[in-house]
Amino acid sequence: CYAQGRSNTPPQFFFWSAISLIAACVADHVWLVRFAEAPDRRTFPNLYTLLVAPSAVGKGAAIKEAANIGRKTVADRLYFGRLTAEGLRDVLKTEPTTWLLNEELAFSVHQGPPAFDFVTVLVGLFDGANLPPVRDRTRTRGEIKIDGACINWLAGTTPDWLGKTFDMSGGEQLRDYLPVAEVARLIVELALRHPNAGTVNV
């Protein structure tokens, strides 16, 4: 609320940046048990939060405000800046509960294959706290072992960057990038247009 009163940045950006900060603070120290029959299968508050909007509307201001607070609370687990997929693996090898901040993905991880590889690594490690140590071996770099990954990722980007970085031609991918309001609108439209369609995967 304090930050919102000093900026024209949309309040939703501050809200989600704050949620990301809270999740980074607690990291893997809190969790929910998914199923009583499997108490070791836990849900940790590792959130991947993307602020998607056109340039110059305040994404960076919200992320930097969270980063300034995080410097005092998350300290050595905060990574703010440019990074490649290989660099991300190196970071997580030493600090698997990293709070990763990218003010602008086009600057931080570029576009095309490097950006795709970067996001692919993050997706692969999303449930890392519930996995055995993840090993990554190459002929030249040797082996990197990431144990107990519980990553919180806060980044700003634009719809244009998402479209250029990921192939959106496959309908199965659209659900991953549509704003929540747009998803809700489409679900309502589908229900009204086909009330007897039965079970539909949305």
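Predicted model: local features only at pLDDT ≥ 70, side-chain atom pairs only at ≥ 80, totals over all residues.
Two strands pair if DSSP finds at least two bridges between them.

**Entry: β5 and its neighbours**

I started with strand β4, residues 78-80, and looked for its link to β5. The two run in the parallel sense and share 3 bridges, so they pass the rule of at least two. Opposite W99 of β5 I found L78. Next I followed the chain from β4 to β5: the path goes through helix α3, residues 85-94, and this β-α-β crossover is right-handed.

Then I checked strand β8, residues 152-157. With β5 it makes 4 bridges, again in the parallel sense. Here the bridge partner of W99 is N152.

**Entry: the faces of β5**

Are the residues of β5 buried or exposed? I went through residues 99-102 and found both faces covered. W99 and L101 are buried on one side, and L100 and N102 are buried on the other.

I listed the contacts of L100, leaving out residues up to four places away in sequence. L100 touches Y79, L83, L88, F118, L122, N152, W153 and L154.

**Entry: the cores**

The largest nonpolar core has 23 residues, and L100 is among those that touch the most other members, along with L88, L122 and W161, to name some. Which helix gives this core its largest share? I found that α5 does, with 5 residues. Helices α3 and α6 and strands β7 and β8 are among the elements that each supply at least two.

Technical notes
Residues numbered from 1 in each chain as written. Heavy atoms only, no water. Buried < 20%, exposed > 50% of the residue type's maximum accessible area, 1.4 Å probe, protein only. Right-handed = clockwise from strand over helix to strand, strands pointing away. Core = buried A, V, L, I, M, F, W, Y, C linked by side-chain atoms within 4.5 Å. Contact = heavy atoms within 4.5 Å.
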